[in-house]
Amino acid sequence: MSIRSCLHCLKFLGTGTGIMELNPKIYKLESGRFQVSYHNPVSRKRIRKKFQSLAEAEGFNEDLVIKFTFQTANYSSADSVHIWLKRYLALSPNAFITRQGKPFYESFLKSFGHISALSVTETHLIQWLKDFQVERSYSVKTMPNIKSAINQFFQFIVDSKALAVNPMVKVAKLEGLPSKSRVVLTQVELSELLNKVKATSPDLIYPVIFLMAHTGARLGEILNLKWNNVHFEFSAIQLLWTKNGEDRLIQISDEVLSFLKSRPQINDNVVLSQYQKPWTHSIYRKQFNKFRHKIGFHKYWCNHVLRHTYATNYLLAGGDMLQLQKILGHKSLEMTVDLYGQIEARDVQDISPYDF
């Protein structure tokens, strides 16, 4: 089907407005290649794709027209949230909602996936946001990202003419939801947890948990740790591809040094999954979730709890806030103080900087 005949069909169906928003155009570049330029009606961004031949460019252009117009012909507010989410991600695979993680999808779909988009109310969303925040121990600063992602999703449904009002409009303006106290393990609890993990999964989960617990590093930093970034000669490890985009070198304790020396170097990565392959985030999280329920520890914990526990116990033992910022890899000292500055002087057990 040609673009011209496709447009004719759209006018007949009364859905030609989608093509106007898309506004696809083909340009011939000085290099001889052809560029398709169009406006993504979901992300509101101008997208450009290059092709070797005009035929390839035209074929891509026709696919765009069908994708963004014919698919919308049968959209309805009676369709379930699950169906709407599939459409949204198909049209905008890099949408902000894709960065919220698997727990978000599972919880959101469990609560809303089976009901129609029209049935989702402001009250439902507020209650779900509160429950989800408590469940995940998210801070007030994290929740605006969650709310923004959901808001963009429902705005897509509104833009598709299936809803008259975005149910997140009022919810998105909430200043903050009550946060749950951050989970921190005592030294006794951490020691007990490490023993349980070691007894249950000594070769797979334990190395990851042990290194996070003793360094305060993030999960991704440990999963990506390679042997050539372990410096045995001066007891340090170099963490690459960190969250703030900067590598950092941190000193390690004698316990961590001994642990690393005892590990066989059979792969570039320090910690390995089954079949001696590097962990991926998705595989590790899947295995970890099964494992956490299996050991039945008496207190809620997750991978990030180990980082909070390290930071809190470091300060309780008399550690310096500025040094902690460097260890954790925070962009600014203010971020570290905001997260862990609630510790008071009377809580510190070893406040003297001297050992004589």
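Trainee: Over how many bridges do β4 and strand β5 pair?

Mentor: Happy to start there, keeping in mind that this is a predicted model. Strand β5 covers residues 236-239, and β4 and β5 run antiparallel to each other. Within that pairing, Val230 has Ile237 of β5 as its bridge partner. The pairing of β4 and β5 counts 2 bridges.

Trainee: Which residue in β6 stands opposite Ile237?

Mentor: Let's follow β5 to its pairing with β6, which is antiparallel over 4 bridges. In β6, the residue opposite Ile237 is Ile250.

Trainee: Which are the edge strands of the open sheet?

Mentor: The sheet is built from 3 strands in the order β4-β5-β6, with antiparallel pairing. An edge strand here pairs on one side only.

Trainee: Stepping back to the protein chain, what percentage of its residues is buried?

Mentor: The chain holds 16 helices and 6 strands. Taking under 20% relative accessible area as buried, the share of the 356 residues that is buried comes to 43%.

Trainee: And what share of the contacts with a separation of 6 or more comes from residues 24 or more positions apart?

Mentor: A contact here means heavy atoms within 4.5 Å. Among contacts in the protein chain with a separation of 6 or more, residues 24 or more positions apart account for 56%.

Notes. Residues are numbered from 1 along each chain as its sequence is written. This is a predicted model: local features need pLDDT of at least 70, side-chain atom pairs count only at pLDDT 80 or more; totals for chains, interfaces and linings use all residues. Side-chain values use heavy atoms; hydrogens and water are left out. Two strands pair if DSSP finds at least two bridges between them. Buried means under 20% relative accessible area, exposed over 50%, partly exposed in between (1.4 Å probe, protein chains only).
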